[in-house]
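Have the sequence and the 3D view open as you read.

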Amino acid sequence: MRTVVPLGLSPSPSPRPSPSSSSSIAANTPIRSAPKSLARVKLFQKCGRGVLPPQSSDTGINSRAGTCRASQAVDLFPSICPEIVVRDARVEDCWEVADTHCSSFFPNYTFPIDLVLRIDRFIALLSGFSVPPGSRRTCLVAVTGASGTDNLYIGSKDFKFGGFDGKFNLSRESVAGILTVDTLADYLPRKGPLRQKRTGIAYISNVAVRNADRRKGIAKLLIAKAEARALSWGCRSIALHCDVNNAAATRLYKSQGFKVIAVPDNSRWPQPKTAPNLQFYFMMKLLTSKVNI
């Protein structure tokens with residue numbers, strides 16, 4: 001399973017511009033002579049195409065609510081750029097999770113292969129989340145369209161189906177990003193002459209964000225939530241594999257505190273089962289109790 005995806009991230013919203021300063025609604029997109037209404041129209045057109053204004057140094061993360069406001073467009077057009085909430089995946093999310101995974105990792109396949117890949121991933125999600133005793137695994141999703149106050153649910157989170165919450169949301173939410181975190185240690189270096197699996201280390205995989213929802217800080221939110229979940233499981237560190245050719249993903253993980261671990265020559269450290277010619281960085285991070293989500 002590959003853990004990489006080319007992601008760019010955007011910064012936290014600055015205060016809404018006053019009429020006297022409306023010439024700089026979007027950084028690097030000066031609107032010096034245009035009236036305020038025209039500037040908002042241009043901003044609306046960018047947001048409608050899924051291209052947010054090029055803010056490059058802030059990602060607005062509300063650590064109390066676990067939400068992210070991606071840009072000033074959120075304040076101007078809240079119905080178009082809703083809040084982003086990270087939570088555990090539910091049964092209702094499985095198809096969108098499968099679609100997000102396949103569109104990110106297999107973007108060049110066309111019908112009917114792309115449909116077969118999605119169906120295969122969908123079935124794997126429903127049937128493959130059983131874990132051995134003593135191990136943990138969860139799929140996290142970043143959803144848009146979640147107001148947090150007017151959602152209507154049926155079912156109960158105490159009911160589990162294939163590792164997913166059996167609680168259904170009757171309100172409309174869309175999956176924007178996904179991440180899997182577990183303690184199975186399938187892709188961690190073994191220890192001792194008996195090559196025993198390691199404990200106390202969580203592993204991140206299947207990080208993917210839809211094209212239209214990138215540059216909103218979603219990947220950072222997912223990683224922060226995964227770290228908090230690993231801490232709740234009693235893990236002391238967290239690890240992942242990253243494609244050596246994916247410079248953007250490498251920068252993302254390094255910015256979140258991950259370090260590249262040198263792999264000894266001729267070692268037999270396990271790696272994700274992908275194309276044989278792919279090479280990966282093995283990256284780890286020590287966890288602390290100060291994780292902001």
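## Before you start

This is a predicted model, in which local features need pLDDT of at least 70 and side-chain atom pairs count only at pLDDT 80 or more, while totals for chains, interfaces and linings use all residues. Residues are numbered from 1 along each chain as its sequence is written, and side-chain values use heavy atoms, with hydrogens and water left out.

## The whole chain

Of the chain's 293 residues, 44% count as buried. Buried is under 20% relative accessible area, exposed is over 50%, and partly exposed is in between (1.4 Å probe, protein chains only).

Take contacts, meaning heavy atoms within 4.5 Å: among those between residues at least 6 apart in sequence, 76% join residues at least 24 apart. The chain exposes about 15300 Å², with carbon and sulfur atoms supplying 53% of it. Areas like this come from the Shrake-Rupley method with a 1.4 Å probe, and for residues only the protein chains shown count as cover.

## Helix H3

H3 covers residues 94-105, and its 12 residues reach 16 Å from first C-alpha to last, close to the 16 Å expected. That expected span is 1.5 Å times one less than the number of residues.

The rest of the structure largely encloses H3, because 10 of its 12 residues are buried. Among them are Cys-94, Val-97, His-101 and Phe-105.

## A nonpolar patch

Trp-95, Phe-111, Leu-115, Ile-119 and Ile-123 make a nonpolar surface patch of about 500 Å².

Helix H4 (residues 113-127) gives the most to the patch, with 3 residues. Leu-115 sits in H4 and is partly exposed at 34% relative accessible area.

## Ring pairs

Rings of Phe, Tyr and Trp (its six-membered ring) pair if their centres lie within 6.5 Å; planes under 30 degrees apart are stacked, over 60 edge-to-face, and the rest tilted. That rule gives 5 aromatic pairs. Phe-106 and Tyr-109 form an edge-to-face one, 6.0 Å centre to centre with 65 degrees between the planes.

Tyr-187 and Tyr-203 are tilted, because their planes are at 45 degrees, with centres 5.6 Å apart. Both of these tyrosines, Tyr-187 and Tyr-203, are buried.

Technical notes:
Helices (H or I, at least four residues) and strands (E, at least two) are DSSP runs, numbered from the N terminus. Patches are made of residues with over 30% relative accessible area and no salt bridge: like charges are joined within 9 Å, nonpolar side chains (Val, Leu, Ile, Met, Phe, Trp, Tyr) within 5 Å. A salt bridge is a side-chain nitrogen of Lys or Arg within 4 Å of a carboxyl oxygen of Asp or Glu.
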